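Subject: Structure handover, aromatic rings

Hello,

I am passing on the structure we talked about, with some notes on its aromatic rings. Please look it over before reading on.

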Amino acid sequence: MSKLWFSLFLTTLFQAQNFAISRREQTPTPPLPVLPLPSYSQLKWQQRELIMFLHFGVNTFTNSERGTGNENPAIFNPVGLDANQWVSTAVEAGVSLMILTAKHHDGFCLWPSKYTDHSVAGSPWKNGRGDVVQELVDAAKARGGVDVGLYLSPWDLHDRRYGHDLQYNEYYLAQLQELLSRYGNVREIWFDGNKGSNAPNMSYYFTDWFSMVKELQSTINIFSDAGPDVRWVGNEKGFAGSTCWSTINRSSLSIGDGSIVGYLNTGDPKGTDWLPAECDVSIRSGWFWHKSESPKKLSKLLEIYYKSVGRNSVMLLNVPPNATGLITESDVRRLKEFREAIDTIFSTNLAENCFLKASSQRGGKGGGFGPENVLDSDHLWTYWAPRNHDHDHYKKDDEHWIEIRGPDEGLMKFNVVRIQEAIGLGQRIKRHEVYVDGKLVAKGTTVGYKKLHRLEIENGVVHGHVVRIKIKESKAVPLISSIGLHFDPYWHPKNGQ
């Protein structure tokens, strides 16, 4: 009996092991990614959604937008400068990254660079011992949750080395080393190719600069017309293209080339590089503070938000400190209103209490890729994935859809539809449509990290029971990480607001 029992035990154990192995083999795996993919730093940058720019310098005291380079450092004297107020303003606006103009085109440096006298060291502010960059870094560190970025203008109207390629590039690289080794972690550094038509002929050694930046700060994102981490959107209105790919061909880009702004605005579905767009715009009409100017209306800021963040980009909003060294109270109030409006619109997702249905799902029911994933708190790594087909590439006639069915007791009231892709596995969707109770209410091309449809309905409100999002065309099987139905009380399309 003991031998028979032992034999039965071994047989049962063997069968259990085989069953366990087969169960593991049957667990659905994630789909293959669609290259190129974002880096870890690019993903973190995209999730910020809103970044603050701080244009500050001698122009603040001369009431100008572009200096001459001949300004006397003695004019720079922000007697009430309080970087803690800047950071508090940013936090209340929901901003986690602040980019300071460490040096603008006039060449005046907001830190005491040892390579020039044209800096805060020559000003009466703090008796020449001040350092605006350090003030911002210290305030951000004290508050916590806020990172710092820097802008160092390649064009320099003051320095006599400008126009002499070797000497000026060595000077510029030396200042980069100062900024990126002296002030701790810098999360984004801004380069542009802007220079006047009468500027001396000057070659910038961008390849050398970028290599040094990455050596000194391995997790930094480099912004320029050509990346390598973040690209310019092609305008200063804050608007991305209605079609906006995070992918583009860097080999087709060059910094300062005005002929490529359309390409920058839309990106490229066949792009070989992941290079998402950043939309820069100022809260006022100018980039530097001017007493005569006032902040944009809330309705305008919301329009920019929908056309930047809502078009797969990040919104870079310039908020210039005034000549006292503070962010003006009217700008502070407008930023609070802006954040309150965003929270009001998006804090409630009407889809959360709804029934979800999809055309299919990868691995079948219980496979981990069901439509319920679009309503969790993870907008990157959990997602609805429809069933794969036998072919490698998605065909136009393979229509996938996900449906949100409201409660039986009443209709949903909304006017914003939010769709997000699982971009950690690549950007895929090329064309999509939104239907409410069978009626087409919105259509678009790309989705990317976030697509916001602010519905162009006459009264600004949709009353519906069933919302269906159809993926009409995609580079590969589409992966939807999040869906939202929201009500925007500030949206009044009939009044043009």
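Is Y172 buried or exposed? Y172 is buried, because its relative accessible area is 0%, under the 20% cut-off. Please keep in mind that this is a predicted model.

The ring of Y172 is paired with that of F191. Their centres are 6.3 Å apart and their planes meet at 45°, so the pair is tilted. This pair joins distant parts of the chain, 19 residues apart: Y172 sits in helix α6 (residues 165-182), and F191 in the loop between β4 (188-190) and α7 (206-216). F191 is also buried, with a relative accessible area of 0%. Y172 and F191 both belong to one aromatic cluster, together with Y162, Y168, Y171, Y204, F206, W209 and F210.

In total, the structure holds 28 aromatic pairs. One of them is F61 with F76, an edge-to-face pair with 5.3 Å from centre to centre and 70° between the planes. F61 counts as partly exposed, because its relative accessibility is 25%. F76, at 0% relative accessibility, counts as buried.

Two charged residues are also placed over rings. K413 lies over the face of F487, 4.8 Å from the ring centre. R468 lies over the face of W401, at 3.6 Å from the ring centre.

Regards

Note on methods. Residues are numbered from 1 along each chain as its sequence is written. This is a predicted model: local features need pLDDT of at least 70, side-chain atom pairs count only at pLDDT 80 or more; totals for chains, interfaces and linings use all residues. Side-chain values use heavy atoms; hydrogens and water are left out. Rings of Phe, Tyr and Trp (its six-membered ring) pair if their centres lie within 6.5 Å; planes under 30 degrees apart count as stacked, over 60 as edge-to-face and the rest as tilted. Buried means under 20% relative accessible area, exposed over 50%, partly exposed in between (1.4 Å probe, protein chains only). Helices (H or I, at least four residues) and strands (E, at least two) are DSSP runs, numbered from the N terminus. A charge sits over a ring if NZ of Lys or CZ of Arg is within 6 Å of the ring centre and within 35 degrees of the ring normal.
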